[in-house]
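The structure is shown first, and the points follow by topic.

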Amino acid sequence: MTWFKSYFNILLALFFISTGFNQSLLLAKGEDPKLHKQEVRRYLYVAVPGIRNYLGYGGHGLLVFDIDNGHKFVKRIPLQGYKKDGSPSNIKGIAVSIALNSVFISTLEGLQRLDLSTEKIIWEIAYDGGADRMSISPDGMTMYLPSLEKDFWNVVNCETGVIITKIKVFDRAHNTIYGPSGSFAYMADISSPFLFVSETKGHTIIKKVGPFSHGIRPFTINSQESRVFVNVNELLGFEVGDLNTGKVLASVKVEGWDKGPVRRHGNPSHGIGLTPDEEEIWISDGHNMRLHLFQANPPYQQLTTIPLQDMPGWITFSIDGKYGYPSSGEVIDVKTRKIIHLLQDEHNNYVASEKMIELHFQNGKIIAKGDQFGLGRKTLK
């Protein structure tokens with residue numbers, strides 16, 4: 001037994017020497033060895049009430065779900081955003097700044113910034129003309145914030161909430177995408193058949209894409225910023241535009257399903273997303289409570305349909321493209337088309353929202369973020 005103890009002690013000593021050497025090497029490189037022990041955790045952040053002001057879809061707050069643990073509920077982060085009568089206001093959009101480690105929530109009246117380290121509201125600002133679904137620049141410092149269906153967008157400093165400038169459009173500012181290049185922002189006015197394109201250096205409109213067949217509702221773009229896929233009023237389907245030439249390339253109708261009345265949005269298809277690999281387009285069907293799937297390249301072949309538990313009004317995807325997230329609360333396996341989970345809060349109530357975003361954390365800081373719009377990611381690093 002004596003020789004065994006001696007042998008064991010030698011091995012133990014070698015282990016500690018090796019560990020000390022590795023940590024010394026990391027410190028010599030200016031790296032904290034503790035950082036290498038922290039795993040990356042992936043969460044889905046869901047803002048509610050994210051379907052009008054209906055509290056029956058998860059109540060009020062920012063709900064966090066663990067993507068790597070079956071999308072189980074983790075916690076509820078309190079939010080502000082109240083009407084004058086004290087009831088929670090409609091949440092209109094959600095966006096994230098990695099640089100500021102902050103999530104931004106827009107409501108009918110304004111905007112709040114929440115620090116994700118402390119989970120406290122840093123500021124809340126009410127803007128003249130209200131606020132709608134916004135988008136943030138890739139560097140996390142500038143926001144394009146539409147008014148609440150007025151004729152302008154506010155360009156906002158993300159750190160302070162101060163308005164940098166205003167951009168006039170046609171009549172009813174609504175959905176916004178800040179392009180992944182950071183050079184352009186794309187702005188949809190419900191009353192206009194044109195998509196407005198702003199260059200973000202001077203914040204001026206430089207072109208229009210269209211005209212599409214009707215006013216533009218939700219839309220998405222590919223990672224190269226060469227194609228835009230849009231829902232338009234009156235169409236159960238989608239249309240395609242060329243972001244370089246400004247021309248409309250295609251109008252695609254859903255086959256085999258009738259267009260009928262919808263409970264919200266007043267539009268047959270309100271919700272469109274491009275899978276991160278840019279192979280498929282998923283669109284909402286509010287009347288038939290389904291998602292319709294298409295190839296994302298000509299001739300835009302219709303692939304299948306997925307029934308949902310409630311009316312969909314939005315669709316986005318996980319960063320890796322594995323999961324689809326319709327606003328009706330399902331988690332869909334993109335490959336198999338199967339519903340694998342239903343989002344539920346701490347009281348086992350079903351959660352549904354049109355405002356959700358994926359965040360990756362390491363050491364308490366955001367290191368990667370998804371997007372509420374279901375943007376293409378094929379050429380992004």
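A cavity here is a set of grid points where a 1.4 Å probe fits but cannot get out, and its lining residues have an atom within 4 Å of a point. The model discussed is predicted. A search of the whole structure finds two cavities of 30 Å³ or more.

**Second largest cavity**

- The second largest cavity holds about 50 Å³ of space.
- Its lining includes Thr-316, Phe-317, Ser-318 and Ile-319, together with Pro-276.
- Gly-370, Asp-371, Gly-374, Leu-375 and Arg-377 also line the second largest cavity.
- By class, this lining divides into four nonpolar, four polar and two charged residues.

**Largest cavity**

- About 60 Å³ of space lies in the largest cavity.
- Strand E4 (91-97) and E8 are the elements that give two or more residues to the lining of this cavity.
- E4 provides the largest share of that lining, with three residues.
- Among the residues lining the largest cavity are Ile-94, Ala-95, Val-96, Met-134, Ser-135 and Ile-136.
- Ile-357, Lys-369, Gly-370, Asp-371 and Gln-372 belong to the lining of the largest cavity as well.
- Six nonpolar, three polar and two charged residues make up the lining of the largest cavity.

- Strand E10 (residues 152-157) is joined to E11 by five bridges in the antiparallel sense.
- Trp-153 has Ile-167, in E11, as its bridge partner.

**Ser-284**

- Ser-284 is located in strand E21 (residues 280-285).
- Is Ser-284 buried or exposed? Ser-284 counts as buried because its relative accessible area is 0%, and the cut-off for buried is under 20%.
- With its neighbours within four places in sequence left aside, Ser-284 is in contact with residues including Pro-268, Ser-269, His-270 and Gly-271.
- Further contacts of Ser-284 under that condition include Leu-236, Arg-290 and Leu-291, as well as Pro-312, Gly-313 and Trp-314.

How values were computed. Residues are numbered from 1 along each chain as its sequence is written. This is a predicted model: local features need pLDDT of at least 70, side-chain atom pairs count only at pLDDT 80 or more; totals for chains, interfaces and linings use all residues. Side-chain values use heavy atoms; hydrogens and water are left out. Two strands pair if DSSP finds at least two bridges between them. Helices (H or I, at least four residues) and strands (E, at least two) are DSSP runs, numbered from the N terminus. On a 1 Å grid over the protein atoms alone, a cavity is a set of points where a 1.4 Å probe fits but cannot get out, and a pocket is an open set with protein on both sides within 12 Å along at least five of seven lines; lining residues have an atom within 4 Å of a point. Grid points are joined across faces, edges and corners, and a volume is the space filled by probe spheres set on the points. Ala, Val, Leu, Ile, Met, Phe, Trp, Tyr, Cys and Pro count as nonpolar, Asp, Glu, Lys and Arg as charged, and the others, Gly among them, as polar. Buried means under 20% relative accessible area, exposed over 50%, partly exposed in between (1.4 Å probe, protein chains only). Contact means heavy atoms within 4.5 Å.
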